[in-house]
Amino acid sequence: MPRRREPRPAPALELKTTRFAGIQVILNSAEHAALDTHLSTLFAATPDFFGGEAAVFDCSRLPADAATPDWAWLAQELKSRGLNPFAVQNASPALAAAATDAGLLVLNDAAPANPPVVEASPEPEPEPDPEPQSAPEPAPPAPATRIIDKPLRSGQRVYAAGGDIVVLAAVNPGAEVIADGSIHVYAPLKGRALAGARGDTAARIFTTHLEAELVSIAGVYRTFESAPDAAVARKPAQIRLADASQIVIEPL
Amino acid sequence: MATIITVTSGKGGVGKTTTSASISSGLALRGFKTAVIDFDVGLRNLDLIMGCERRVVYDFVNVIQGDANLNQALIKDKHSDNLYVLPASQTRDKDALTEEGVEKVLKDLEHQGFDYIVCDSPAGIEHGAVMALTFADEAIIVTNPEVSSVRDSDRILGIIQSKSRRAVEGRDPVKEHLLVTRYSPKRAHEGEMLTYTDIQELLRIPLLGVIPESEAVLHASNQGIPAIHQKGTPVADAYSDAIGRFLGEEHPLRFVDYEKPGLIKRLFGGK
């Protein structure tokens, strides 16, 4: 008899495999001084860009004769900047051993081209999902679009990692909407909107009422010290990037 | 079951303490057993506005730290029978407020049969302000008709929505009310001030009332008598209306429209 969805209490604990989005920290050098300098410059303007995302060190680009990075120091530096490194991947046995000593996990056979996947962690894990997957509801892929239906208030910030964001309520002055993809605001946009946060120049911003403090696409930004054209100010508008370097604001 | 009302604003000097004094007095006048707590540890003002500064022996921090019991610290108000004031300490700082300590005091007040507990928040978004809003059931956001005050109110609303117990535990959210204070219909009409509809459009929470700018407030503060007792003044009437609305009554907004003074009025004066 096929398994039907009967109302039964959810068990207290379930195990399932997951692929979660995180940040790869790709090391090109293991030298303390070089890393220190670059971290400082990289985060100088946006010290709190990250909000506690998980991160993995990728060693695939480290030269074979590279020294062992000071893992504990490196992890601490990233933590202080809002990233939570928990593992290394593509590490040589020597690097991996040092990483383990520093309390990091070692991810084996992680495909370098893919987002980091936790597959074989050193901790013993029972084979997940002893029950057959119920066919009628395949687990949806991690939602690529975030939907926000409450006003975003001054000081609040939402970040849609890896996808678009749709906001159905006002984005007030001092609030910040960030997406790796495009941003849709079906209400007054009075705060900041940063689309294409990881460099997607095709990302766009749409709003039904443009009154933003700042808009940015793939790092190219515009502030509104002087109000935008009357054709778009407080009106429906689209913001996109032309020639990868020029912010264009058009009425919708 | 006591209802905890936090009066907060983010910005300083907008009328939180004046509002706490008048709202708590108004609730007491309507027969509810009410306590009002000054969370502004280190800068206590509520006792001055309530006119009980000479009767302060023990304070909120003494109760939290177990140096005094609640009944020793509660001061009975002179003007209304059902109202008790728990003053702040002048000599400590806001770190003396612990979450467990505040929670215990609020629980104890509830056990003593209080209907409403009004928490007068300090300005800012730091520890003291967060402690004042953590246990709120309802919040009165006091805003002046100017952009910085509105911006700070927006910020504090975000904090209520993320840090209050109700938000953290996923219960029904804190019920938010907008109270616009120091409102001058004339200046709003002439575009020198935001109008209350501008403010409401930005903050998007229900309007509890509009309190007009008035000299009566300063006079009340200096006398140590909450403004709601200044019978016949627009401020007292506006606060009474706001309390009525808080309790679910319908009252039309008063004192928000500007009438151009007519010729006679201009010739013969009048305010």
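What percentage of the contacts in chain B with a separation of 6 or more comes from residues 24 or more positions apart? The share is 74%, where a contact means heavy atoms within 4.5 Å. The model is predicted, so local features need pLDDT of at least 70 and side-chain atom pairs count only at pLDDT 80 or more, while totals for chains, interfaces and linings use all residues. Residues are numbered from 1 along each chain as its sequence is written, chains are lettered from A and ligands numbered from 1 in the order in which they are written, and side-chain values use heavy atoms, with hydrogens and water left out.

Chain B contains 13 helices and eight strands; helices (H or I, at least four residues) and strands (E, at least two) are DSSP runs numbered from the N terminus. Of its 271 residues, 54% are buried, a class defined by a relative accessible area under 20%, with exposed over 50% and partly exposed in between (1.4 Å probe, protein chains only). Helix 1 of chain B, residues 16–29, is mostly covered, with 13 of its 14 residues buried. From first C-alpha to last, this helix reaches 20 Å, close to the 20 Å expected at 1.5 Å a residue; the expected span is 1.5 Å times one less than the number of residues. After helix 1 of chain B comes B:Gly31, with a positive phi near 100°.

Most residues other than glycine have a negative phi. B:Arg182, in strand 7 (residues 175–183) of chain B, has a positive phi near 55° and is partly exposed at 39% relative accessible area. In chain A, A:Ala218 has a positive phi near 50°. A:Ala218 sits in the loop between strand 12 (214–217) and strand 13 (220–223), and is partly exposed at 22%.

The axes of helix 1 (residues 32–43) and helix 2 (residues 71–79) of chain A come within 12 Å and cross at roughly 5°. The two helices are therefore roughly parallel, the term for angles under 35 degrees. A:His32, A:Leu35, A:Asp36 and A:Leu39 of helix 1 meet A:Trp73, A:Leu74, A:Glu77 and A:Leu78 of helix 2. By class, this contact has five nonpolar, one polar and two charged residues.

Finally, confidence in chain A: its mean pLDDT (the predictor's confidence in each residue, from 0 to 100) is 80, and 81% of its residues reach 70 or more. Over residues 111–136 of chain A the pLDDT is below 50, and this stretch has 28 contacts in the model beyond near neighbours in sequence. Where pLDDT is low, the predicted coordinates should not be read in detail.

Key:
Axes fitted to C-alpha atoms, helices over the stretch in contact; angles between N-to-C directions. Parallel < 35°, antiparallel > 145°, perpendicular 65-115°, else oblique. Nonpolar A, V, L, I, M, F, W, Y, C, P; charged D, E, K, R; others polar.
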